[in-house]
Amino acid sequence: MSDKNLFLFNILRGLAAILLALAVAAVFIFISSDEPLTALKYLLLGPVVSFKATGNVFNTTSFLTILAAMIPTIFSGLAVCVMFSANQFNLGGEGAIMLGGFVGALLGIYLKMNTGLHQVVCVLGGALAGGLIMLIPAILKVKLGASEMVTSLMMNYVVMFVILHFLNFVFADRSKGATQTFPFQETAKIPEIIANGTKLTWGFVVALIFVVIIALFMYRTKWGYAIRMIGINQSFAQYSGMQVGTVIILSQVIGGMLSGMGGSIEVLGRFGTFLWRELPGYGWLGITIAILAKNNPIFVPFAAFFIAYLNKGCNLMATYSDVPSEMIDIIQAAIFLFFAAEQFLAKYRQRIVVHNAQRDLALQEAAASQGGSNS
Amino acid sequence: MISDLLLSIFNADFLYSVIRITAPILFAALGAVIAEKAGVVNIGLEGIMMISALFGVLFGYWTQSWLIGVIGAVVIGVLLALLIGFFAFEMKTDIILGGIAVNMLGAGGTIFLLDMFTGMKGNTGSLVTRELLIPTVDIPLIKSIPFLGQVLSGHAVLTYLAFLLVWLMWVVIYKTPLGLNIRAVGENPNAATSIGVSVQKIQYIAIGLSGALAGLGGAFMSMYYSQGWNSGMVAGRGFIALAATAMGRGEPLGTMLSSLLFGLAQALRTKVSGMQGVSSYLVSVIPYLVTIIGLVLYAISTKNKLKKRHTATKGAE
């Protein structure tokens, strides 16, 4: 069927965009490095292969740390999927993640609870904080028409500085040289699935569960349908009687809750105390991931894996060769531009569509002439 | 006590610094104005400022001329803006995503490029010597007026250019054929097409100009304001510029006023954060909070206006 060809085409086009982005990276590496082949080797293979004199072996530990690095970005990717699906360019994920992490951390320090329940309460607290903070740009957009993009961007900075204030003047552990909070209680820490230091915690399982939940929400519920419909055609959604304002607010609150949840899970799983001094960057990664996933929650883990893999590769490349790890930003920018480009390889898409249409027409004509001869 | 505080804040030095701090925001905000007039959202201003700032320093260092440095920054700004334009107009990438891509280049790509060109990590250190800074000028007559002279004279060449550009931008938009075309394309592209205006060409020109202006803002940052490039330098000014433009209703003069407001907020932050018993973090919030409040006030006033217009037309019926 025609749909199948187009689906295949979309996948191939995505791969082509990624390859092109990597090619751009390779060009930069060849220009800037004295040892480009070593750099490329570590970038592309380093994350899962240990290079040893006796031969190359699969590096399980490194692979598990890549999975661990996906935990916050799966959440932020899902958050962006939901918000962008409603055509809301809310860029406040960064702030919501940091706030969620901070609130989760405080609950983990000051609440007294049994383990099991404690983690749940901390993460829910983080999610609630993230959801509440996203209410601000959402309501300003719906009620007043203020650009959610600008207000959410500004809010990131507000959130960061307010957290830094409380961190420094209210919750600081003065016994430590560096500014940090008191350590989390053991009952609040999110344990690793296998205790091996890779930081692959149960948060990873929770993240995957939420992939399924959000996918079901977006494609199997009336609210999810409303969100997607508003993203496709807001006027149509309005005329067909949807509560556009409410749904737009809902989409962003869900985005905020997912972000906050991701932030608290990351903080309670990776660290022993709250250590973030600046916006963690997962919000922006979430945008890259949502674009790679074409706003479809099911593809988010794959996109998150790809980005985590590249990130690790870039770090290894910076360690073992002379190429700085900021290469990741150049690759990401190139992916952004090519992957999101609707006209990229559009000629071929056009050709498939035309081909399918011609074939369908031919089939119809054949059917019609057959019908004619029968009568 | 409060009057002491006020006196210690609102003196000539302080007002001088407000103008100095406003200039880079104003450059970028004017860039947002011209883009918006043509119906183009350039969210990449932040990244363009970062990259232009870096290349301003590099070109200046390579040629040992601040002027060529500034020109180089502008050229880079234009090229980046055209890159966003190319992907948005030809390849149909969402223009907001194109802008975010350039911002990513600005955040990490600059560190990479600096390393690639000079081997330096994260800042340009001693590349910017005194001779390579954008020079300041004294304005002959105003200079000798007691208070005003201290506030208005002795700024960098580019500071004056920024405020001059407010007027120039107004002239271009409202008094030239190009400006007419830009406004036509922004307000009704179909109508513009029907009278033979190439929408795409006009949008390329507009986004190119916005890149040039952001490039000037970047050059101002690295070649005057912070006297060198470092990775955290632009610190959201490109985004604040977007907010200033929204608050200034997309008009040059209004944008200048809102940029001054942000300049004031930031100058206040610098001033107050040095004082005893004041949390520098909370003071740092001011410019961003002012932006949000400003946007809200603007949105409310727009909404009321629309309502009034509605009731007025209803009354006429």
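This is a predicted model: local features need pLDDT of at least 70, side-chain atom pairs count only at pLDDT 80 or more; totals for chains, interfaces and linings use all residues.
Now select α11 itself, residues 282-292 of chain A. Eleven of its eleven residues are buried, so the rest of the structure largely encloses this helix. Click along A:Y282, A:G283, A:W284, A:L285, A:G286 and A:I287. Continue through A:T288, A:I289, A:A290, A:I291 and A:L292.

Next, move to chain B. Select α3(B), residues 45-63, along with α5(B). Their axes come within 7 Å and cross at roughly 20°. Angles under 35 degrees count as roughly parallel, so that is how these two helices run relative to each other. The crossing of α3(B) past α5(B) is left-handed. For the contact, show B:E46, B:G47, B:I48, B:M50, B:I51, B:L54 and B:L58 on α3(B). On α5(B), show B:V102, B:N103, B:M104, B:L105, B:G106, B:A107, B:T110, B:L113, B:L114 and B:F117. Colour this set by type: twelve are nonpolar, four polar and one charged.

Last, display the contact between the chains. Chain B gives 40 residues and chain A gives 38. On the chain B side, pick α4 (66-90), α5 (95-118), α12 (237-247) and α14 (280-316); each supplies at least two residues that touch chain A. Colour the chain B side too: 26 residues are nonpolar, nine polar and five charged.

Definitions and conventions:
Residues are numbered from 1 along each chain as its sequence is written. Chains are lettered from A and ligands numbered from 1 in the order in which they are written. Two residues are in contact if their C-beta atoms, placed from the backbone, lie within 7 Å. Helices (H or I, at least four residues) and strands (E, at least two) are DSSP runs, numbered from the N terminus. Ala, Val, Leu, Ile, Met, Phe, Trp, Tyr, Cys and Pro count as nonpolar, Asp, Glu, Lys and Arg as charged, and the others, Gly among them, as polar. Axes are lines fitted to C-alpha atoms, for helices over the stretch in contact, and angles run from 0 to 180 degrees between N-to-C directions. Angles under 35 degrees count as roughly parallel, over 145 as roughly antiparallel, 65 to 115 as roughly perpendicular and the rest as oblique. A crossing is left-handed if the near helix is turned anticlockwise from the far one by less than a right angle, and right-handed if clockwise. A residue is buried if 20 or more other C-beta atoms lie within 10 Å of its own, exposed if 12 or fewer, and partly exposed in between; C-beta atoms are placed from the backbone.
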